[in-house]
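Biologist: I would like to learn how to read a protein model step by step, beginning with the whole chain and ending with single residues. Could we go through one together?

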Amino acid sequence: MQQLKDCITKHVPVQNETLDTIVSFFEPVTVSKGTFLLESGSISNQLIFIASGYLRMYDISDGKEITLWIGSQGKFITSVSSFVFQTSNYWNITAITNSEVYILSREDHFYLCQSQPKWLEFDNLLLASSFALLEQKMFSHLHTTAKQRFEKLLQEEPSLFNHVPLQYIASMLGITPESLSRLRKGIGSNS
């Protein structure tokens, strides 16, 4: 629970009593590798904080899995549009590894937004961060090379390469596993 508290207080100054109230609405859950937390076509009713492990957000197109994002420790994950607007969701979210998560129901989320101004403030930042991440991803795929995307991910999240199957990382970067393998070999030979 401390990681969740740290994540919130990193972005929003909040008194301990208020923080304790907010985190009391989150349910700790142990998730086994391969478990679905959200399936494509369903409606998202939960906001998930990752305390440990890795979760993958992906879709299947023409029989091929396309990874949008891999969530790691200290991050939130959900289908934002489905969670907020209660529309059919496009994404699957599964555990890549055994994971510890904290789950906030949609009902409790909106209750906290009404009753706890600090949660609303944090939620607004979380939503803005989601849009910024999507914007950065779109820009990156339009204006950077595969090598630049790889190097940036390696710099920002090096642990992904030790815990996540490379085909998921390649898909998230918009390249083939073979291209990712060549990029990794190139980095190793430059060391």
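This is a predicted model: local features need pLDDT of at least 70, side-chain atom pairs count only at pLDDT 80 or more; totals for chains, interfaces and linings use all residues.

Biologist: Let us begin with the overall form. How many helices and strands are there in the protein chain?

Modeller: The protein chain holds 9 helices and 8 strands, and its C-alpha trace spans about 55 × 35 × 30 Å along the principal axes.

Biologist: What radius of gyration would a compact globule of 191 residues have, and what does the protein chain have?

Modeller: A compact globule with 191 residues would have a radius of gyration near 16 Å, and the protein chain has 17 Å, so the two agree.

Biologist: Now I would like to look inside. What is the general idea about nonpolar side chains?

Modeller: In soluble globular proteins, nonpolar side chains tend to be buried together. In this chain, 38% of the 191 residues count as buried, and the largest nonpolar core has 21 residues, with Leu4, Ile8, Phe26, Leu47, Phe76, Trp119 and Phe122 having the most contacts inside it. The elements that give two or more residues to this core include helix 1 (2-11), strand 3 (46-52) and helix 5 (117-143). A second, separate core has 16 residues, among them Ile70, Leu153, Leu160 and Met172.

Biologist: Which residues does Trp119 touch, if residues up to four places away in sequence are not counted?

Modeller: Trp119 touches Ile8, Ile22, Phe26, Leu47, Leu104, His109, Leu112 and Cys113.

Biologist: Let us turn to charged side chains. How many salt bridges does a search of the whole structure find?

Modeller: The search finds 6 salt bridges. One of them joins the side chains of Lys5 and Asp20, with 2.8 Å from N to O. This pair links distant parts of the chain, with Lys5 in helix 1 and Asp20 in helix 2, 15 residues apart. Asp20 is partly exposed, at a relative accessible area of 39%.

Biologist: Where do Lys118 and Glu121 lie?

Modeller: Lys118 and Glu121 both lie in helix 5, 3 residues apart, which is about one turn of the helix. Their side chains meet in a salt bridge at 3.4 Å from N to O. Lys118 counts as partly exposed at 28% relative accessibility, and Glu121 counts as partly exposed at 34%.

Biologist: How far apart are the closest N and O atoms in the salt bridge of Lys152 with Glu156?

Modeller: The closest N and O atoms of Lys152 and Glu156 are 3.3 Å apart, and both residues lie in helix 6 (residues 146-156), 4 residues apart. Lys152 counts as partly exposed at 42% relative accessibility, whereas Glu156 counts as exposed at 51%.

Biologist: Next comes the surface. Which residues make the nonpolar surface patch of about 280 Å²?

Modeller: Val84, Phe85 and Phe110 make that patch. Phe85 is found in helix 3 (residues 80-85), and Phe85 is exposed, with a relative accessible area of 62%.

Biologist: Finally, the backbone. What is the phi of Asp62?

Modeller: Asp62 has a positive phi of about 50° although it is not a glycine. Asp62 lies in the loop between strand 4 (55-61) and strand 5 (64-71), and Asp62 is exposed, with a relative accessible area of 83%. Gln86, also not a glycine, has a positive phi of about 60°. Gln86 lies in the loop between helix 3 and strand 7 (92-95), and Gln86 is partly exposed at 29%.

Technical notes: Residues are numbered from 1 along each chain as its sequence is written. Side-chain values use heavy atoms; hydrogens and water are left out. Patches are made of residues with over 30% relative accessible area and no salt bridge: like charges are joined within 9 Å, nonpolar side chains (Val, Leu, Ile, Met, Phe, Trp, Tyr) within 5 Å. Accessible areas come from the Shrake-Rupley method with a 1.4 Å probe; for residues, only the protein chains shown count as cover. A salt bridge is a side-chain nitrogen of Lys or Arg within 4 Å of a carboxyl oxygen of Asp or Glu. Buried means under 20% relative accessible area, exposed over 50%, partly exposed in between (1.4 Å probe, protein chains only). The radius of gyration is taken over C-alpha atoms; the globule rule is 2.2 Å times the number of residues to the power 0.38. A nonpolar core is a set of buried Ala, Val, Leu, Ile, Met, Phe, Trp, Tyr and Cys residues joined through side-chain atoms within 4.5 Å. Contact means heavy atoms within 4.5 Å.
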